Amino acid sequence: MVAQVIGHMVASFPAVEFGPLYYRSLEKDKSTALSAHKGKFEASMTISHQGKAELNWWLKNLKNSRKNFLLTPIDMVLYSDASMTGWGAALGEQSTGGNWCQQETELHINVLEMKAPYFALKSFVSKLRGKHVKLMLDNSTAVFVIVITNMGTSHNEVLNRIAVEIWEFCMTNKFKLTVAHLPGSDNIIADKESRHIYREAEWMLNPCHLQTAINKQFPKYCSYRPDPEAMHIDSFSISWSTQNFYCFPPFSCILQTVQKIIQEKATGILSNEMESEALDTKLTQLEITVQRTEFVLTSARREQIKRHLEALKAISREIDECKRAVELKKIANKEELSEINKWHDEIDEKLNKADIEISRLQGWLNDKEKHEKFSAQEEQLKFELKLHETKLKLQTELTTNSSPDTSNTTTITVSEKTAKLPKLVISKFNGSYMDWPRFWGQFSEAVDKSTIAPISKFTYLCELLEPSVKRVVEALPFTPEGYNRAKSILKDRFGKESEIEKAYVKEILELPHITSPSAKKIGEFYEKLSYSVQALETMKRLDQVSGNVSMTLDKLPAIRGDLVHTDPDWETWDFLKLTEALRQWVRRNPADKNAEREREENKRKRDHHNRLFQASGGDFKFVFETILTSYWSLTGCAKYTESEHGYGDLFKIADSYVRTESLDHWTPRKSRKKYKKDLVKKNLM
């Protein structure tokens with residue numbers, strides 16, 4: 001009978017979400033009974049207390065249990081890990097962890113790997129309620145035991161008990177849990193937290209604010225970071241007015257703690273054993289530091305003096321904070337006001353001595369800075385004179401080395417310690433965004449990365465800029481700092497990737513519309529398109545303009561069929577495929593052969609038009625109508641008639657066609673003007 005019941009339980013797992021949690025004790029009782037009765041299923045058996053509890057759970061929850069088969073999205077990802085030192089967890093940008101106690105360090109690592117996610121879930125439970133949480137573990141055993149299809153194990157009672165606690169915790173706090181495995185090398189933050197040694201374990205309080213699970217002295221306590229057993233995280237975020245507290249804050253929180261007690265009129269015990277000792281220690285430290293000031297000034301070492309100055313300031317600030325905290329306590333303890341003032345004056349006297357030494361140290365640093373600034377100005381004047389001579393000499397050398405027929409280029413020879421760079425001709429930078437990558441790449445390799453002096457590099461840079469660009473940097477001083485600033489200005493103004501990308505995209509969008517199959521025009525079209533596409537591909541921005549491929553292809557109606565007829569998927573082309581198709585077309589149709597063909601065609605048209613004009617007897621109207629007929633047949637436009645459009649519109653079409661096709665040799669402009677006047681007189685346009 002028990003075996004049948006267990007079989008029914010297992011069969012119902014697909015519909016009862018937490019069913020796998022509540023059958024293993026009963027299964028264990030059955031296995032023990034079968035072993036005792038030599039495999040007789042009809043024999044009687046005793047069900048343990050745990051087995052009865054599992055049966056009661058099924059009786060209570062079977063009718064109301066269900067399982068959602070739809071996958072819900074993950075809301076949060078929680079990472080957990082364990083080591084022999086402690087446990088760690090990470091949720092978003094927040095992480096936490098703790099060390100194992102002495103008894104826990106003796107457990108098997110698989111048990112610790114199971115306890116770690118349990119502690120992680122308890123630490124962040126306030127953020128997990130009502131969410132779908134994905135728990136990432138790098139221990140395959142823990143994943144197998146916790147995973148929703150198993151929810152425990154029959155092989156190890158300890159692991160099974162922890163798994164049941166984890167899932168019951170999820171049910172109690174109403175959040176959905178999914179478990180997955182990840183490589184240990186990717187579980188960086190949780191692993192780091194698990195190996196961290198938390199020093200608060202060394203502190204013991206005299207018997208619940210600002211504690212952890214390791215050093216807690218009360219069952220209920222507040223922790224300063226996510227903690228699995230803490231009542232609250234960050235005690236300053238809750239009200240103390242309803243609690244009878246015990247607090248032993250660290251030195252840095254004393255003032256904040258006292259202020260909260262006064263503001264909320266809280267009642268409790270605030271340990272003050274450490275504050276007076278801390279204040280006395282700081283005052284002694286201040287006295288020693290003040291006495292060393294003379295020795296530090298005598299050394300005349302800037303860095304040592306700066307460190308000493310910062311140390312005096314830091315100690316003074318700490319004493320002032322501690323003094324205010326102790327003063328608040330004295331007031332709270334209702335000590336005599338005269339005694340408080342006397343105590344206050346004694347501390348202020350010591351702080352005033354420190355302030356005097358701080359002023360001496362700061363004065364020494366200011367005087368040193370003024371002296372160095374004055375010396376630097378003198379050196380700058382000397383340097384400027386020498387620089388002017390060097391600049392004139394370099395300009396003479398540049399003029400001598402430059403080619404006489406290359407006014408827009410500069411020849412550069414850069415000397416190195418062991419070799420000479422070859423002579424390079426770098427075209428001047430004209431200030432366009434598209435020209436910047438070319439110019440800066442050449443200048444950077446040939447000049448900026450060489451071993452010559454920065455001032456010489458600055459001179460070369462100025463010579464390689466067009467006047468409109470040179471004005472941007474020529475006012476800077478000829479110093480290494482001036483050269484670095486000039487580079488920064490040029491890069492910031494012309495080297496922005498967004499502006500360069502915009503320039504290349506604009507170049508593509510402004511490509512001309514070519515109606516004729518002119519190899520020369522299409523070749524120029526291809527060169528501009530190829531240059532812009534290659535540049536955008538280098539910048540990894542080509543995908544952002546893929547939507548303009550169809551529009552660019554439409555600008556070549558005369559050869560569109562030739563480009564796409566071999567590729568049935570031409571509608572999905574990107575710019576790389578379009579450029580390759582254009583390259584193949586240009587290769588098959590060299591510009592020279594096509595130009596000869598165009599010349600022959602123009603000659604044939606010219607002869608035909610001359611014969612036509614002579615046959616018309618000088619009747620421009622006849623020629624005018626012939627032009628329109630030719631225009632309609634070549635362009636494929638609908639034929640306009642006088643009834644649909646007046647002569648004025650037809651004349652504009654013909655006149656535009658004549659000017660576009662350069663047919664002025666047989667339809668002189670004077671004749672067109674005369675014919676236009678005739679149309680105006682007849683009120684036809």
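## A first walk through the model

Both F429 and W436 are buried, where buried means under 20% relative accessible area, exposed over 50% and partly exposed in between, with a 1.4 Å probe and protein chains only. This is a predicted model, in which local features need pLDDT of at least 70 and side-chain atom pairs count only at pLDDT 80 or more, while totals for chains, interfaces and linings use all residues. Residues are numbered from 1 along each chain as its sequence is written, and side-chain values use heavy atoms, with hydrogens and water left out.

Let us stay with the aromatic rings. Rings of Phe, Tyr and Trp (its six-membered ring) pair if their centres lie within 6.5 Å; planes under 30 degrees apart count as stacked, over 60 as edge-to-face and the rest as tilted. The count comes to 17 aromatic pairs by this rule. F429 and W436 are edge-to-face, because their ring centres are 5.3 Å apart and their planes stand at 70°. One aromatic cluster includes F429, W436, Y433 and F494.

Next comes the sheet. Helices (H or I, at least four residues) and strands (E, at least two) are DSSP runs, numbered from the N terminus, and two strands pair if DSSP finds at least two bridges between them. Five strands form an open sheet in the order 3-2-1-4-5, with mixed pairing. Strand 3 (94-99) and strand 5 (176-181) are the edge strands, each pairing on one side only. Strand 1 (residues 76-82) and strand 2 (residues 86-91) pair in the antiparallel sense over five bridges. Within that pairing, Y79 stands opposite A90 in strand 2.

Now to helix 7. Its 17 residues (157-173) should span 24 Å at 1.5 Å a residue, and the end C-alpha atoms are 24 Å apart, which agrees; the expected span is 1.5 Å times one less than the number of residues. Among the buried residues of helix 7 are L159, W167 and F169. The buried residues of helix 7 pack against helix 2 (24-36), helix 4 (109-123), helix 5 (125-128), helix 6 (140-146) and strand 5, with contact meaning heavy atoms within 4.5 Å. Just after helix 7, K174 takes a positive phi of about 60°.

Finally, the cysteines. The structure holds zero disulfides, a disulfide being a pair of cysteine sulfur atoms within 2.5 Å. Two cysteines are listed here:

| Residue | Relative accessibility | Class |
|---|---|---|
| C101 | 35% | partly exposed |
| C462 | 5% | buried |
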